[in-house]
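My notes follow in the order I checked things.

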Amino acid sequence: MENSRKNEDRVTQINKVIENYFKTHTDTDWIPAKDIMQDLIQAGVFTKDQKKGLPLRKFLRALDKENVLDTIPSVHAQRTETNIYWYLVREGATFTPNEAITAVSKKEKSKEKRENSDEFYIIDLCDQLLGEKASRKHTFSNLLGDMHKRGKTRTKLPVAAFYEDANVAIEFIEKGNKTEEHLEKLDVMTVSGITRSEQIEKYNKRRRDVLKKKNINLIEIDYALFECDDKMNLSRDKDKDIMHLKKLLKQYLK
């Protein structure tokens, strides 16, 4: 009962702060909810800000879960598959997505980019040919990188794909279309005392050696085998690409 009363008081305070905000910002119809955090702190609703509006987001999520989000009429929840983005809209105004900066999380962007990559495209074709869905970015317990800076932990080195039934691992040879920024990163020294470029070669060799000891077949796919555009991205002629892959995988095809 006490918590319920506290929440009601906080809702009342938040509504007053929002009302005052739009009274003093007459040319603004909507804002990301995080933009009002400092006003809420000054009003004593929250004691401090964290992660650009986290206290307010947590409170709004709690109201949403209890189906009482409408107690703060100005709140607009922009929902995606993995997240909710909160906005505050002036009374009588309309929030429309095409007027807003589309809010897509870094995780969603990363996932979309990964799933549209040439690597995923090729692995999808391999799945089709081998009749098995690969374990992507698969790791093995004894395939590890060098020691981290503190000398206590090591990162597992993944392979692009692993087909357990076919006993085949797939790794890709890096494309040659490197930007100047990427090339500069290759020259950066690692904690192992070698450049990033040297470390990549070292890890490639380690991957081959460990998989050989485990009697796992490794196929390294060079994008240059496929038809590419001038930026070294695959043209994605599916019939031709499957033909090349059949040659690479011929001894593992059912």
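**Helix H5**

I began with the burial list for H5: Asp 118, Glu 119, Phe 120, Tyr 121, Ile 122, Ile 123, Leu 125, Cys 126, Asp 127, Leu 129 and Leu 130 are buried. I take buried as under 20% relative accessible area, exposed as over 50%, and partly exposed as in between, with a 1.4 Å probe and protein chains only. Helices (H or I, at least four residues) and strands (E, at least two) are DSSP runs, numbered from the N terminus.

The model is predicted, so I kept its limits in view: local features need pLDDT of at least 70, side-chain atom pairs count only at pLDDT 80 or more, and totals for chains, interfaces and linings use all residues. Residues are numbered from 1 along each chain as its sequence is written, and side-chain values use heavy atoms, with hydrogens and water left out.

The expected span is 1.5 Å times one less than the number of residues. After H5 comes Gly 131, with a positive phi near 65 degrees.

**Whole chain**

I counted eight helices and nine strands. Of the 254 residues in the chain, 36% are buried. The accessible surface is about 17,000 Å², and carbon and sulfur atoms hold 48% of it. That area comes from the Shrake-Rupley method with a 1.4 Å probe; for residues, only the protein chains shown count as cover.

I also looked at contacts, meaning heavy atoms within 4.5 Å. Among those in the chain with a separation of 6 or more, 53% join residues 24 or more positions apart.

**Helix H3**

H3 covers residues 54-65. Its twelve residues should span 16 Å at 1.5 Å a residue, and the end C-alpha atoms are 16 Å apart, which agrees. Which residues of H3 are buried? I found Leu 54, Pro 55, Leu 56, Phe 59, Leu 60, Leu 63 and Asp 64. I noted the helix rule beside that list: an α-helix has 3.6 residues a turn, so residues three or four places apart point the same way. Asn 67 follows H3 and has a positive phi, near 60 degrees.

I traced an open sheet of four strands in the order S4-S7-S8-S9, with mixed pairing. S4 and S9 are at the edges with a single partner strand each, so one side of each has no neighbour in the sheet. Neighbouring strands are turned by 30 degrees against each other on average, direction ignored.

Strands pair if DSSP finds at least two bridges between them. S8 (residues 168-173) and S9 run parallel and are joined by six bridges. Ile 170 has Ile 219 in S9 as its bridge partner.

H7 (residues 196-213) packs on the sheet and touches S7, S8 and S9. The direction of H7 makes about 150 degrees with that of S9. H5 lies across S4, S7, S8 and S9, at about 10 degrees to S7. Axes are lines fitted to C-alpha atoms, for helices over the stretch in contact; angles run from 0 to 180 degrees between N-to-C directions.

In H7 I picked out Gln 199. Gln 199 counts as buried, at 8% relative accessibility. Leaving aside residues up to four places away in sequence, Gln 199 touches Asp 146, Thr 190, Ser 192 and Ile 194.

**Salt bridges**

I found 14 salt bridges. The test is a side-chain nitrogen of Lys or Arg within 4 Å of a carboxyl oxygen of Asp or Glu.

Asp 118 pairs with Arg 236 at 2.9 Å, N to O. The two are 118 residues apart: Asp 118 is in H5, and Arg 236 is in the loop between S9 and H8. Asp 118 is buried at 8%, while Arg 236 is partly exposed at 34%.

Asp 124 pairs with Arg 136, with the closest N and O atoms 2.6 Å apart. Asp 124 lies in H5 and Arg 136 in S4, so the pair ties together parts twelve residues apart in sequence. Asp 124, Asp 127 and Arg 136 are linked in a network of salt bridges.
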